[in-house]
Amino acid sequence: TLTLVWFRSDLRVHDNTALAEAARRGPVIGVFLRCLTTWQEHGHGANKLDFWRRGVEALSHDLDGVGIPLLHRDIERFDAAPETLLALARELGADALAFNREYPLDETRRDARVTAAFEAAGLKVRAHDDAVAFAPGELLTGKGDPYSVFTPFARAWHRAITPERLALREPPAPQARPARAPDPVPTLPPLTDTPVAAELWPAGEAAAADRLERFLRFRGRHYAEQRDLPAVRGTSELSPYLALGMISHRQCLQAAMAENGGALADGDAGLQAWVGELIWREFYQHVAAGFPRVCRHRAFQAHTEALPWRDDEAGFRAWCKGRTGYPIVDAAMRQLVATGWMHNRLRMVTAMFLSKHLLIDWRRGEAFFLRHLVDGEFAANNGGWQWAASTGTDAAPYFRIFNPTTQSRRFDPDGRFLAEWLPELAELPAKARHAPGRDLLGGADYPAPIVEHRAARARALDAFKGLGA
Ligand code: FAD
């Protein structure tokens with residue numbers, strides 16, 4: 001009984017539920033479907049697509065090490081998945097298909113169509129919940145609804161978690177090599193943007209494991225104090241690896257527990273806080289599955305659909321280019337474009353600046369982030385944007401609008417992050433970098449603020465009050 005294992009955003013050999021279960025039953029052949037058109041329609045840009053491609057190459061190499069060939073099919077769109085997989089299963093003589101579930105709407109529908117096609121052909125489908133400790137639907141409020149507020153979700157998660165749920169899955173034992181060679185992983189066609197240097201984000205599970213180990217060894221215990229300081233590498237920078245499954249949440253949680261004397265919810269404050277972030281990741285997966293309207297470009301809070309978003313092309317462009325005249329916003333946007341990643345504190349600051357100070361539709365910012373993020377992931381990105389725009393689950397209350405300059409002074413007190421990303425301000429005294437006046441700038445090519453904080457704040461408050469919120 002040969003099983004075809006379909007890899008998607010679970011690009012690893014270790015601790016992979018679908019692969020472990022299939023390999024326990026018998027021989028396995030892997031397949032990866034490249035759906036470039038659909039992924040681009042979903043908004044993924046060159047950084048993520050390139051990282052994805054390199055991740056598939058690393059997976060193919062690692063699978064080959066245990067005798068499992070990874071086949072590759074270019075199908076452009078999800079629509080072609082059922083016929084392509086069915087044809088392949090027949091050609092190989094496979095009697096089952098296995099995969100780990102993905103939870104956003106289009107992916108769920110794709111999988112339902114694939115499942116129907118296989119079942120109609122008399123073949124088995126084994127779908128596994130692997131990317132989260134609790135599948136959407138497993139943790140519900142007292143009323144039986146999916147959680148829409150993080151804190152009670154996290155409490156329920158901690159109450160219900162068991163060692164079995166977090167146990168690492170068996171890696172597949174080396175199998176007799178089938179008479180099938182792995183397919184080469186094709187290069188990407190030319191894309192609108194050029195991906196950032198591959199060295200910034202080496203792909204594959206070995207690279208991910210190395211990052212996890214270094215984070216926990218050197219930074220995990222300082223996470224609570226350092227996680228909000230963009231000038232310090234205080235966070236794990238594992239998000240691209242978690243988004244494509246080059247590492248699993250179980251591997252992360254097991255390693256954090258090992259470092260923390262076996263504890264998840266107590267012990268070292270830094271490690272506890274980090275565990276909390278992994279639960280945020282899971283929370284937004286549950287939101288995407290439980291409230292599919294968010295997958296259809298809708299606000300979670302329907303009444304906020306009436307917000308009078310401004311049509312401000314110049315403002316949007318200034319934000320994208322890091323030319324708003326607010327150094328912390330500009331430095332962050334330049335970090336995003338140059339590296340494919342942005343510090344979490346600054347994702348909140350820049351997202352709030354676009355949606356509140358500029359009153360530009362958060363969906364435009366969501367799309368710009370996705371185009372550049374190497375960790376671009378629908379559930380976390382949409383959740384983060386709707387939080388910042390106060391349209392989402394557990395959103396920031398609309399009247400709490402970050403003052404970017406205050407955030408800058410607080411989280412980059414020495415102006416180090418600003419100097420790194422805004423060379424035109426690097427020569428200024430550190431304290432002056434947060435809000436450089438014309439007098440200090442001299443001839444430096446740095447714009448004056450495109451909006452004034454207090455006026456912009458008042459405009460945003462009016463817009464929200466106009467909703468009767
Ligand atoms: P760490 O601090 O080391 O956290 C560990 C892991 O926990 C992360 O790798 C990530 O998987 C998860 N995590 C941490 N914070 C969050 C969060 N707030 N929501 C969900 N998961 C979280 N994260 C993405 O993975 N992809 C995105 O596309 C994305 N877009 C975002 C957009 C906005 C507007 C905001 C405010 C946040 C977004 N985040 C996104 C969440 C967060 O900013 C990143 O996960 C984090 O900055 C990644 O850095 P790290 O790996 O060093 O995180």
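Predicted model: local features only at pLDDT ≥ 70, side-chain atom pairs only at ≥ 80, totals over all residues.
View 1. At least two residues of the shell around the ligand come from each of α10 (239–243), α12 (269–290), α15 (344–357) and α17 (378–388), helices being DSSP runs of H or I with at least four residues and strands runs of E with at least two, numbered from the N terminus. The largest share, six residues, is supplied by α17. Residues are numbered from 1 along each chain as its sequence is written.

View 2. The ligand is surrounded by 28 residues, the closest being Thr235, Ser236, Ser239, Asn381 and Gly384; a residue counts as near if its C-beta atom, placed from the backbone, lies within 6 Å of the molecule. Because domain 2 (132–166 + 204–290) and domain 3 (302–465) both give residues to this shell, the shell lies between them, with domain bounds taken from an automatic or database domain assignment.

View 3. Seven of the nine residues of α1 (residues 17–25) are buried, so the helix is largely enclosed by the rest of the structure; buried denotes 20 or more other C-beta atoms within 10 Å of the residue's own, with C-beta atoms placed from the backbone. The buried residues are Thr17, Ala18, Leu19, Ala20, Glu21, Ala22 and Ala23, and they pack against β1 (3–7), β2 (28–34), β4 (96–100) and β5 (124–128), where contact requires C-beta atoms, placed from the backbone, within 7 Å.

Methods: Buried ≥ 20, exposed ≤ 12 C-beta atoms within 10 Å, placed from the backbone. Contact = placed C-beta atoms within 7 Å.
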